[in-house]
Amino acid sequence: MRIDILTLFPEMFDGPFRQSILKRAQEKGLVEINLYNIRDWSTNKHKRVDDYPFGGGAGMVMMIEPVVLCIEELRSVTDYDEIIYMSPDGTRLNQGIANHLSLKTNFLILCGHYKGIDERIRQYFITREISIGDYVLSGGEMAAMVLTDALVRLIPGVLNDETSALTDSFQDDLVSPPVYTRPYDFRGYKVPDILLSGNDKEITRWRHEQSLLRTRERRPELNSDQESPSGPEQ
Ligand code: SAH
C-alpha cells in the first residue's frame with residue numbers, strides 16, 4: 001500500500017507515524033507513507049497557499065493552484081485508486097469503509113486547513129471525501145492520521161497475529177468482549193474464572209455472549225437484529 005499525504009504541516013505526522021504499528025509496517029515494507037508540503041507547489045513569491053474567500057466572510061481558503069499542481073505532479077507518476085479529501089461533511093469513517101478501502105493500493109489524502117479548500121478542487125480532483133466524526137477539527141492532518149492508522153492495521157502482516165484485527169470491535173457489528181491479563185487477583189478484583197478454565201469452547205462462547213451483551217448495552221444500533229433472547233425488535 002502507498003499513502004501520499006498532502007498537507008501544509010508535514011511535521012505534525014512525525015510522532016504518530018514513527019511509533020508502534022505504523023512504524024513497523026513501514027519498516028517491513030508493507031506500506032509506504034509519503035508527506036508532501038503543498039507550499040512547495042506555490043508559484044507565489046511569498047509561497048502563499050491561502051486567500052480571502054470570494055464574497056467575503058471570516059477565515060481563509062486554501063487556493064486551488066498549489067493543490068492542483070501538487071496532485072497533478074504526483075498523479076503523473078502514481079496511479080491512485082482514491083484521491084481523498086478529509087472533510088467534516090464527508091462520509092463518516094467506520095470499520096466497514098476502512099475494510100473496503102484497505103483492499104486498494106494507492107491513496108492520495110488531502111488535508112484541508114483554515115476554512116477549507118476551494119470547492120473546485122473537491123469538484124474536479126477528489127474521488128472520495130471522508131469525515132472522522134461530526135465535529136470540526138482545525139485541520140485535516142489528525143483526521144488523515146486516523147484514516148491511515150485504520151487502513152494500515154488491516155494490511156495482512158502488519159499485526160503480529162493476523163486474526164487480531166478480525167477480533168476487534170465493529171467487525172461483525174459487535175464491540176469486543178472485555179480482556180484481562182495477570183495478575184488473576186489484584187486487591188481482590190478477580191478475573192472471570194471461565195478465562196482460566198482452559199475450556200476453549202466455553203471461553204469462545206463466553207466472549208461471544210459478552211460481545212452481544214456489551215453491544216446491546218453500549219451500541220444497540222450496531223446489531224439490533226442479532227440473537228437477542230426475545231428475538232428481533234419489531
Ligand atoms: N469550514 C469547514 C471546516 C474547515 S476545518 C466546515 O465547516 O465544514 C479545516 C479542515 O479540517 C478541513 O478542510 C478538513 O480538511 C479538516 N477537518 C475538520 N474536521 C474534520 C473532520 N471531522 N473529519 C475530517 N476532516 C476534518
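**Sheet and ligand shell in a predicted model**

In this predicted model, threonine 7 has asparagine 37 in S2 as its bridge partner.

Q: What makes S1 and S2 count as paired strands?
A: Strands pair if there are at least two bridges between them, and six bridges join S1 to S2, which run parallel; therefore the two meet the requirement of at least two bridges.

Q: How do you know that strand S1 also pairs with strand S6?
A: Five bridges join S1, residues 2–7, to S6, residues 106–110, and pairing asks for at least two, so these strands, which run parallel, count as a pair. Among the facing residues, aspartate 4 stands opposite leucine 108 in S6, and leucine 6 has leucine 110 in S6 as its bridge partner.

Q: Why is S1 described as mostly covered?
A: A residue is called buried when its relative accessible area is under 20%, and five of the six residues of S1 are buried, so the description of S1 as mostly covered follows from that cut-off.

Q: What is the order of the strands in the open sheet, and which strands stand at the edges?
A: Five strands form the open sheet in the order S2-S1-S6-S5-S7, with parallel pairing. Strand S2 (32–37) and S7 stand at the edges, because each has a single partner strand, and one side of each is therefore left without a neighbour in the sheet. From one strand to the next, the twist averages 30 degrees.

Q: Which residues come nearest to the ligand?
A: The ligand has 20 residues around it, and of these Tyr85, Met86, Gly112, Tyr135 and Leu137 come nearest.

Q: Which elements give two or more residues to the shell around the ligand?
A: These are strand S5 (82–92) and strand S7 (128–131), and S5 gives the most, with four residues. By class, the shell holds 10 nonpolar, nine polar and one charged residues.

Note on methods
Residues are numbered from 1 along each chain as its sequence is written. This is a predicted model: local features need pLDDT of at least 70, side-chain atom pairs count only at pLDDT 80 or more; totals for chains, interfaces and linings use all residues. Side-chain values use heavy atoms; hydrogens and water are left out. A residue is near a molecule or strand if one of its heavy atoms lies within 4 Å of it. Ala, Val, Leu, Ile, Met, Phe, Trp, Tyr, Cys and Pro count as nonpolar, Asp, Glu, Lys and Arg as charged, and the others, Gly among them, as polar. Axes are lines fitted to C-alpha atoms, for helices over the stretch in contact, and angles run from 0 to 180 degrees between N-to-C directions. Buried means under 20% relative accessible area, exposed over 50%, partly exposed in between (1.4 Å probe, protein chains only).
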